[in-house]
Amino acid sequence: MTLTNKSPDPRSALAQRGRSALGDRVFSWWTLGTGLLVLAILGLILITTVREAWPAFDAMGFRFITERVWDPNPATGDAIFGALSFAYGTAISSLIALLFAVPVSVGIALFLTELAPRRLRGPAVTVIDLLAAVPSVVFGLWGILVVGPALVPVYQWIHDVFGGVPVLGSLFGPVTTGRNFMTAGLILAIMVTPIITSITREVFSTVPRADKDAALALGATRWEMIRGAVFPHSFGGVVGAVMLGLGRAMGETIAVALVIGGATNITANLFAPGNSMAAVIVQQFGESTGTFTAALIGLGVVLFAMTVLINVLAQVIVRRAEARMKGSVA
Amino acid sequence: MARNETDLSTRPSVAVHTPGVTASGVGTDSASVMQLRDVSVYYGNYEAVRGTSMPIQQNQVTAMIGPSGCGKSTVLRALNRMNDPIPGARVSGEVLFHGQDLYAKDVDPIQVRRQIGMVFQKPNPFPKSIYDNVAYGLRINGIKGRLDDHVEEALTKAALWDEVKDKLRKSALALSGGQQQRLCIARTIAVKPQVILMDEPCSALDPIATAKIEDLMFELTNDYTIVIVTHNMQQAARVSHYTAFFTAEVDDQQVRHGRLVEFSQTGKLFTNPADKRTEDYITGRFG
């Protein structure tokens with residue numbers, strides 16, 4: 001018995017081994033450190049941007065977010081910096097993007113996980129991921145040169161048909177250019193579809209076979225199976241995917257700057273030109289000085305705050321909806 | 001006993017007749033609701049189970065036993081077309097349900113599963129409330145009347161009502177394993193199938209929960225026909241009226257496949273088996 005433990009004392013056999021204890025300690029420091037690093041970076045961004053933007057906040061006060069006029073070089077009087085028009089443009093173009101992208105993405109993801117023949121799945125996923133690899137400036141140029149002009153007659157037709165209808169009439173107002181909220185929203189939709197698709201696909205593929213079998217064994221059709229077994233299981237994950245897409249859409253700069261039209265404008269008319277916060281920053285930063293620069297950084301702060309707010313809101317919604325759908329666990 | 005109209009096809013009517021029992025060793029005292037005729041199940045080119053013929057008697061418990069890989073679960077899933085979603089899975093022979101071949105061209109697998117339900121090995125309630133788990137099947141089947149009454153009835157029949165009546169809106173996943181499995185049974189019987197297939201329903205449960213499910217099976221035979229796959233011979237002996245013994249064989253081409261060895265009344269199969277292989281298995285000399 002040469003392999004017998006040399007120290008038969010159980011106490012020493014159970015005593016902490018230095019090697020594993022050190023490994024565990026290093027691991028926990030490392031993970032804690034990286035976790036704190038993220039918080040620190042976020043905090044630093046917030047502090048420095050607010051500090052840089054302070055002259056503009058100081059000059060405008062709360063009007064910075066309630067004022068719709070943006071006039072850095074007025075003929076007379078002080079410059080006016082109001083973020084509201086651009087916040088509206090950011091919101092409306094992102095909303096349009098999600099309206100188109102979410103049903104399409106969920107549809108593609110369901111097709112790939114539930115319907116597509118196995119040999120089609122790989123190539124289809126590659127093609128969709130390639131869409132995510134197209135640089136945003138290319139989307140922007142495509143939008144300004146091809147999509148925008150091509151859509152003008154379509155917009156015109158929609159306006160002609162629905163122009164007289166009460167609510168739709170104000171949404172589908174007169175068309176002046178192909179560069180407007182709607183075109184920006186559509187381009188953004190194409191840009192966020194790959195992200196939402198690839199995450200929802202991952203989420204759907206984690207639904208256990210057992211859950212799907214349970215639905216089928218009750219006589220569910222494929223659609224009933226998807227509604228009963230796949231959706232409740234993936235609701236939180238899908239909302240997470242949509243939030244990532246929304247984050248991309250709200251933060252997208254160059255593509256939107258090219259196609260949204262560049263007007264300071266709050267209107268229900270989706271066919272009117274407007275502007276978004278990120279687009280304004282990239283368009284005007286180069287020629288700005290002093291308070292003007294501070295105001296542009298201020299737009300960044302507002303965008304940051306909007307994104308955080310929406311993400312928190314989404315988490316609350318997910319928690320509520322899951323509690324209602326899945327039943328409370330406690 | 002009131003039975004649902006048995007119409008599995010998109011055609012307006014299907015001739016329904018109940019064939020006599022033809023398998024050897026079985027009396028004709030009760031009618032068979034299902035009948036397997038030379039059923040083989042394939043996965044791609046691989047023939048997993050060969051030439052199975054046996055009846056399923058109405059309002060009785062039929063057990064399928066045998067060693068791992070003998071194809072008993074495969075045959076069970078063939079009874080309500082649960083193999084359909086598996087790519088390459090195929091069935092030859094006839095699976096008759098009231099004389100209608102379930103694999104005939106005009107038969108809708110969804111209608112088949114509405115008549116022949118299934119309970120699985122691992123309790124698999126949906127991530128929903130207890131109430132919604134039972135109501136799901138009722139809703140998709142468009143069952144008329146007050147949903148609450150149907151849910152209560154199903155939970156009562158599954159011997160679960162008293163334990164969950166105060167927490168119907170709580171998550172089904174908060175229940176114990178045994179309760180979850182009874183919930184799955186409640187969910188299945190809520191849609192009033194004629195036959196309930198159970199694929200090793202107690203293998204993930206403790207002995208007390210197992211005893212409850214076994215008692216429940218006995219109760220359920222008043223209204224339903226049950227087919228249970230189990231690797232527990234004592235369980236088969238306790239709960240079933242008829243037993244089918246499957247085994248895995250290797251043919252001349254060295255291909256391993258499942259085969260039905262013996263089908264008879266449970267008492268006879270366990271005390272006086274006709275086949276040497278059955279005897280070896282039940283006496284523990286094999287498997």
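**A walk through chains B and A**

Chain B holds ten helices and ten strands. Helices (H or I, at least four residues) and strands (E, at least two) are DSSP runs, numbered from the N terminus. This is a predicted model, in which local features need pLDDT of at least 70, side-chain atom pairs count only at pLDDT 80 or more, and totals for chains, interfaces and linings use all residues. Residues are numbered from 1 along each chain as its sequence is written, while chains are lettered from A and ligands numbered from 1 in the order in which they are written.

Confidence comes next. The model scores ipTM 0.82 and pTM 0.80. Chain B has a mean pLDDT (the predictor's confidence in each residue, from 0 to 100) of 85, and 89% of its residues reach 70 or more. Two stretches of chain B stay under 50: residues 1-5 and residues 10-29. Contact here means that the C-beta atoms of two residues, placed from the backbone, lie within 7 Å. Beyond four places in sequence, the model has three contacts for residues 1-5 of chain B and 35 for residues 10-29 of chain B. Where pLDDT is low, the predicted coordinates should not be read in detail.

UniProt, in an unreviewed entry, places "domain: ABC transporter" at residues 34-273 of chain B. UniProt positions follow the numbering used here, feature names are shortened, and annotations may be inferred rather than shown by experiment. That span is 34% helix and 30% strand, with its end C-alpha atoms 23 Å apart. Of the 287 residues of chain B, 50% count as buried. A residue is buried if 20 or more other C-beta atoms lie within 10 Å of its own, exposed if 12 or fewer, and partly exposed in between, with C-beta atoms placed from the backbone.

Look at β6(B), residues 116-119. B:Ile116 and B:Met118 are buried on one side, B:Gly117 and B:Val119 on the other. Four bridges join β6(B) to β7(B), residues 195-199, and the two run parallel. Strands pair if DSSP finds at least two bridges between them. B:Ile116 has B:Val195 as its bridge partner.

Now the contact between the chains. Chain B gives 29 residues and chain A gives 21. On the chain B side, α2 (109-115), β6 (116-119), α3 (130-140) and α6 (177-190) each supply at least two residues. The most come from α3(B), with four. This side divides into 14 nonpolar, eight polar and seven charged residues. Ala, Val, Leu, Ile, Met, Phe, Trp, Tyr, Cys and Pro count as nonpolar, Asp, Glu, Lys and Arg as charged, and the others, Gly among them, as polar.

The largest nonpolar core has 157 residues, of which B:Val95 and B:Ala186 touch the most other members. Helix α8 of chain A, residues 181-205, gives the largest share, 14 residues. Such a core is a set of buried Ala, Val, Leu, Ile, Met, Phe, Trp, Tyr and Cys residues joined through C-beta atoms within 7 Å. Beyond four places in sequence, B:Ala186 touches residues including B:Val134, B:Ala154 and B:Leu160.

Finally, chain A. An unreviewed UniProt entry lists "transmembrane region" at spans including residues 79-112 and 180-199. Residues 79-112 of chain A are 85% helix and 6% strand, with end C-alpha atoms 53 Å apart. Residues 180-199 of chain A are 95% helix and 0% strand, with end C-alpha atoms 29 Å apart. A:Ala109 sits in α4(A), residues 84-115. A:Ala109 counts as buried because it has 25 C-beta neighbours inside 10 Å. The C-alpha atom of A:Ala109 is 8.5 Å from that of A:Ile199, 90 residues apart along the chain. Neighbours within four places aside, A:Ala109 is in contact with A:Thr197, A:Thr200, A:Arg201 and A:Phe204.
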